[in-house]
Amino acid sequence: MGRLLGKQHIRDLCLALGLLCAALALVLWPGEAMSAMKDGLSLCGNVILPSLFPFFVLSSLVVELGMSRCLGRLFQPVMAPLFRVNGACASAVALGFIGGYPVGARTAIALYENGQCSRTEAERLLAFCNNCGPAFILGVVGTGIFGSGRAGLMLYFAHLAASLLIGLLFRFYRPEEGPRRWRQAGPQFQATSFPAAFTRSVTGALQSTLNICAFILFFTVAIRIFTFSGLMSTSSALLSTLLSPFGLSQQWAQKLLTGLLEMSSGVSSLTEGALTGRLSMAAFMLGWAGVSVHCQVMAFLGDSGLSLRTYLAGKLLHGVLSSLLVYA
């Protein structure tokens, strides 16, 4: 199979067949596709835009105005020994904890592109600073899905602890490269004029938020089509067979598969079953974040040259560690 997929004409044929099947699915289930699109638009308008846009503007201003450089001197004694990154990276860590996906990743990439951290430091950051925001975990997941503020707090603290553990583990990523040294000259806060930084931050934040909404809409429609076509049931049956030693039924496998693709849809499906299993799976989904979020991060990575593998390894570890902490 690997040799076949390694041939260009085979890959082109698979891509063509996939596009043909997608077009056929839209013709067969136009109503379901439109319904999923409306649900996605409602999610973007009511949740994504209000929650992410302000944090994107804030993160851009922090980097553009040079505030991260000022924070660097303050947090260097903490960031360097713990995570082997310079103090300026504290802004990405803090915004990643309170802003939600993918604010932390976007801030880390902006720091690298502005020359405020090295490539290795940015890749270490990407492994653990792209986290779910407290508003979603406490409000939507804890109170809304599990009906318990205590459950939301437990999920959030497990999410936070797992992220910090991954940061400690990834300090050994390329250990020969330590944190970037600061120049002796004191960093200037307003590195650029405020009007220019403000306009760039607002327009860039809107573009970034719309990019995120585009991926959410695509995966919302894709999951709905997969469900109606029976592909989701077939895939979940295969996943259940593979994970049968862990006692995963087909019903739970379908929930897990949905969460692997799109986190919010997967977590929303955890309304029935044993509480321990639901909480553990929710913790895994929140840590993994879903392919939809990973595509959003890929859009920000662009031509930066930063490693996507480091980021994906960090998110997989985040999901596993969060689930184990909640289960314990």
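I began with the nonpolar patch, to which helix 4 gives the most, with four residues (helices being DSSP runs of H or I with at least four residues, numbered from the N terminus). The model is predicted, local features needing pLDDT of at least 70 and side-chain atom pairs 80 or more, while totals for chains, interfaces and linings use all residues. Residues are numbered from 1 along each chain as its sequence is written, and side-chain values use heavy atoms, without hydrogens and water.

I then listed the patch members on the surface, L74, F75, V78, L82, L165, L168 and L325, which together have about 560 Å² of accessible area. Helix 4 (67-83) and helix 9 (149-169) are the elements that give two or more residues. I looked up V78, which is found in helix 4, and noted it as partly exposed because its relative accessibility is 41%, between the limits for buried (under 20%) and exposed (over 50%), with a 1.4 Å probe and protein chains only.

Next I took helix 6 (residues 103-113) and helix 7 (residues 119-128), whose axes come within 9 Å and cross at roughly 180°, so I recorded the two helices as roughly antiparallel (an angle over 145 degrees). In contact there (heavy atoms within 4.5 Å), A105, A108, I109, L111 and Y112 of helix 6 meet R119, A122, L125 and L126 of helix 7.

Last I checked T310, which lies in helix 16 (residues 308-327) and is buried, at 7% relative accessible area. Leaving aside residues up to four places away in sequence, T310 touches E123, A127, F170 and Y173. I also noted that T310 and R84 are 226 residues apart in sequence and 15 Å apart in space, C-alpha to C-alpha.

Conventions. Patches are made of residues with over 30% relative accessible area and no salt bridge: like charges are joined within 9 Å, nonpolar side chains (Val, Leu, Ile, Met, Phe, Trp, Tyr) within 5 Å. Accessible areas come from the Shrake-Rupley method with a 1.4 Å probe; for residues, only the protein chains shown count as cover. A salt bridge is a side-chain nitrogen of Lys or Arg within 4 Å of a carboxyl oxygen of Asp or Glu. Axes are lines fitted to C-alpha atoms, for helices over the stretch in contact, and angles run from 0 to 180 degrees between N-to-C directions. Angles under 35 degrees count as roughly parallel, over 145 as roughly antiparallel, 65 to 115 as roughly perpendicular and the rest as oblique.
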